[in-house]
Amino acid sequence: MRIIVHAGTLATDEDRLVKTLLRNADILSSVGTAVPGPSRYRQLLRDTLVSMRRADPAPDAREVLLDALLDRPAAEVERLILSNDRFFAAPQQAFAGGTLFPQAEERLANMRRLFDPDDLHLYLAVRDPATFLPAVHTGLKGPSPEDMLDGLDPRELRWSTLIARLRAAAPEVPITLWCYEDSPVLWGTILRDMAGLEDGTKISGAFDLLSEIMSVEGMQRFRAYLAEHPEMTEPYKMRVMAAFLDKYQIEEMVEEEVDMPGWTNAMVEEMSEAYEADVAQIAQMEGVRLLTP
């Protein structure tokens, strides 16, 4: 069985991906893909991973979990999707000890042990630290930015460091990721890739994020263009999305104001430039696949 672990991450998903996949449950079921509701496994899986910090899992732990997760025999499932934007850490522990997701590699390694017979794949989104850190901080509604970061210099946050840690901890687990900023254009591609559907397969919700940042007129014209060109490939479709966004984008929906005490415009620009270089480095890492428009 191929097991897809969608780790979010924080401030990049808010369960939208798994909710969209659940809307397509019938289509996915027809190709052997199971998407259980998060309430069926998040606490159970968390408790199992926590217990593995003290002892090896029971010999039948995998079978017990699958029996609780699935509504049909495991032998009928070719692909299982598990999603949790807090898989690596809850917001309160996201930067403990000044490290981004300090328990991430342990949790991934334990998932690998738990589902040893299976083909485990990790999916996650990364986000510009200049907007990622304020978004996480806003969600906490308590500690100061300094307390939240616990000694981490925001200008030194690198997603590539996290990815390198994950690769070292579980080198046999392939990683697929994308930039949060590209999600509106990539959304349908991400959904199909994660679900094991062929390019071009029609799925409900493929343009949900796009419709939030494009005017009503733009979406109407875009959908009309798609109807007139039914044989359009996915790469070409993304170029068309970009062209329509260039003309019909709702500016206030894509412009993010960064509001963190002590941060200057120069600092924000420095962080964003470092992020672009960081993503380019990630794209060259072995065992990592970066989805791009």
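**Notebook: cavities, pocket, backbone, charge**

I began with the largest cavity and listed its lining: V5, H6, Y41, L45, L82, S83, N84, F87 and M111. Two elements, β1 (2-6) and β3 (79-83), each give two or more residues to that lining. I noted that the model is predicted.

Next I looked up the volume. The largest cavity holds about 40 Å³ of space. How many cavities of 30 Å³ or more are there? I recorded two.

I then turned to the open spaces. The largest pocket has a volume of about 780 Å³. I found 25 residues lining this pocket. Which of them are closest to its centre? I wrote down Y180, P184, I213, M253 and E256. I also checked which elements give two or more residues to the pocket lining, and these are α9 (183-195), α10 (208-213) and α13 (251-254). Of the elements, α9 gives the most, with four residues.

Then I went through the backbone. I looked at the loop between β1 and α1 (16-23), where T9 lies. The peptide bond that leads from G8 to T9 is cis. I noted its omega as near 10°. A11 lies in the loop between β1 and α1 as well.

- The G8 to T9 peptide bond is cis.

Last, I looked up charge on the surface. I found a patch of negative charge made by E156, E269, E270, E273 and E276. Where does E156 sit? I placed E156 in the loop between α7 (145-149) and α8 (159-169).

Key:
Residues numbered from 1 in each chain as written. Predicted model: local features only at pLDDT ≥ 70, side-chain atom pairs only at ≥ 80, totals over all residues. Heavy atoms only, no water. Patch = residues over 30% accessible without salt bridge, like charges linked within 9 Å, V, L, I, M, F, W, Y side chains within 5 Å. Areas by Shrake-Rupley, 256 points an atom, 1.4 Å probe, with all protein chains shown as cover. Salt bridge = Lys/Arg side-chain N within 4 Å of Asp/Glu carboxyl O. Lys, Arg positive; Asp, Glu negative; His and termini not counted. Charge placed at Lys NZ, Arg CZ, Asp CG, Glu CD. 1 Å grid on protein atoms, 1.4 Å probe; cavity = no way out; pocket = protein on both sides within 12 Å on 5 of 7 lines; lining within 4 Å. Points joined across faces, edges and corners; volume = space filled by probe spheres on them.
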